[in-house]
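Welcome! Please open the model in your viewer and keep the selection tool at hand.

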Amino acid sequence: MIIFRITEIMARYRVSVVALSNELSIGTSAISKWRQGTATPSFDRLNQVMNALKTIGDDEQLKLYPLQLSELLEWREEKEEGEE
């Protein structure tokens with residue numbers, strides 16, 4: 001299962017929901033769904049998200065912690081029913 005870690009990344013680079021939605025020209029509800037984990041962006045949109053974060057993110061944070069795709073996405077093995 002792929003986990004989209006947008007909430008953590010937005011906090012790290014000091015990007016608000018409104019700023020990201022404006023940069024991507026999408027509604028804030030789409031970003032809220034990403035943050036809640038009820039939806040994930042398409043592969044094409046993911047590229048736009050990365051570019052937007054680099055454009056509007058805090059410059060000092062971006063220098064200290066360069067944005068990497070591996071920080072935005074996390075893969076977790078899905079557990080079969082009955083497994084813990």
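Select Val17 first: beyond the residues up to four places away in sequence, Val17 touches Met10, Thr28, Ile31 and Arg35, where touching, or contact, means heavy atoms within 4.5 Å. Val17 belongs to helix H2, residues 17-24; helices here are DSSP runs of H or I with at least four residues, numbered from the N terminus.

A word on what you are viewing: this is a predicted model, with local features needing pLDDT of at least 70 and side-chain atom pairs counting only at pLDDT 80 or more, while totals for chains, interfaces and linings use all residues. Residues are numbered from 1 along each chain as its sequence is written, and side-chain values use heavy atoms, leaving out hydrogens and water.

Next, select Glu71 in helix H6, residues 69-72. Is Glu71 buried or exposed? Its relative accessibility is 19%, so Glu71 counts as buried; buried means under 20% relative accessible area, exposed over 50% and partly exposed in between, using a 1.4 Å probe and protein chains only. Setting aside neighbours within four places in sequence, Glu71 is in contact with Arg5, Ile9, Arg12, Tyr13 and Pro66.

Now colour helix H4, residues 43-56. Which residues of H4 are buried? They are Leu46, Val49, Met50, Ala52 and Leu53. These cover an arc of only 165° around the axis, so they sit on the same side of H4; the arc is taken from the directions from the helix axis to the C-beta atoms. Turn to the other side of H4 to find Asp44, Lys54 and Thr55 exposed.

How values were computed: Helices (H or I, at least four residues) and strands (E, at least two) are DSSP runs, numbered from the N terminus. The expected span of a helix is 1.5 Å times one less than its number of residues.
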